[in-house]
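Hello! Please have the viewer open as you read.

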Amino acid sequence: GGTPSTLRIEELRKILASPLPLPRRGDSDITERDSPPWEGLGEATLEANPDDLTEEYVQGLRTLPFNRVSIGIQSFHDRTLRLVGRRHTAQEAIDAVHRCQRMGLTNISIDLMYGLPGETLEDWTYSLEQAIALRVPHISAYHLTYEEGTRLWRMKEQGVVSPIDEEQS
């Protein structure tokens with residue numbers, strides 16, 4: 001869970017080198033693996049924020065066992081990104097995808113959100129078109145949920161933003 005790209009490459013390397021306790025099959029006891037848990041897996045994904053994917057960071061990822069990066073773009077509208085508290089711009093998100101592709105990380109998934117405050121059908125269509133133009137293998141779309149205690153939840157409670165009508169969403 002979370003966004004592991006907020007960790008430095010050295011921190012990821014240390015975590016990945018640590019023996020991880022895992023339950024044995026059919027048993028609730030915990031045992032340590034003799035081999036890293038990613039050995040033999042077809043896919044190992046790192047979730048990332050676009051602004052974390054600098055050239056140096058992407059180069060570092062290439063030395064780790066990740067063969068897929070999932071980028072939390074959310075929207076290709078700067079006003080929406082600011083509203084939901086994202087640190088990146090639409091152009092920075094596009095640049096992050098291109099940087100990964102150029103540096104050999106081509107198994108990319110991008111996450112988009114729909115049902116964002118003030119979002120129109122045209123806004124959503126534009127975000128989809130931008131995502132498709134990036135020619136990534138996978139696009140995920142998630143409906144915005146207002147989680148209690150978050151900035152957006154407080155804004156909704158204060159009447160600053162309103163959820164999108166369910167039918168429109």
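1. Helices (H or I, at least four residues) and strands (E, at least two) are DSSP runs, numbered from the N terminus. By that rule the chain has six helices and six strands. Their order along the sequence is α-β-β-β-α-β-α-α-β-α-β-α.

2. A word on the ground rules. This is a predicted model, in which local features need pLDDT of at least 70 and side-chain atom pairs count only at pLDDT 80 or more, while totals for chains, interfaces and linings use all residues. Residues are numbered from 1 along each chain as its sequence is written, and side-chain values use heavy atoms, with hydrogens and water left out.

3. On confidence, pLDDT is the predictor's own score for each residue, from 0 to 100. The chain averages 87, and 85% of the residues score at least 70.

4. Next, burial (buried is under 20% relative accessible area, exposed over 50%, partly exposed in between, with a 1.4 Å probe and protein chains only). Of the 169 residues in the chain, 37% are buried.

5. Which residues of helix H1 (residues 9–17) are buried? They are Ile-9, Leu-12 and Leu-16. These residues cover an arc of only 60° around the axis, so they sit on the same side of H1; the arc is that of the directions from the helix axis to the C-beta atoms. Lys-14 and Ala-17 are exposed on the other side of H1.

6. Helix H5 (residues 121–133) can be checked for length too. Its 13 residues should span 18 Å at 1.5 Å a residue, and the end C-alpha atoms are 18 Å apart, which agrees; the expected span is 1.5 Å times one less than the number of residues. In H5, Asp-123, Trp-124, Ser-127 and Ala-131 are buried. Their arc around the axis is only 95°, which puts them on the same side of H5. Leu-121, Glu-122, Ile-132 and Ala-133 are exposed on the face turned away from that buried side.

7. Arg-135 lies in the loop between H5 and E6 and is exposed, at 72% relative accessible area.

8. Now the pockets. On a 1 Å grid over the protein atoms alone, a pocket is an open set of points where a 1.4 Å probe fits, with protein on both sides within 12 Å along at least five of seven lines; lining residues have an atom within 4 Å of a point. The largest pocket has a volume of about 310 Å³. Of its 19 lining residues, Thr-3, Glu-47, Asn-49, Gly-72 and Gln-74 are the closest to its centre. Strand E4 gives the most to this lining, with five residues.

9. The second largest pocket has a volume of about 180 Å³. Gln-74 is among its lining residues too, and others include Arg-86, Met-113, Glu-147 and Arg-151.

Definitions and conventions. Grid points are joined across faces, edges and corners, and a volume is the space filled by probe spheres set on the points.
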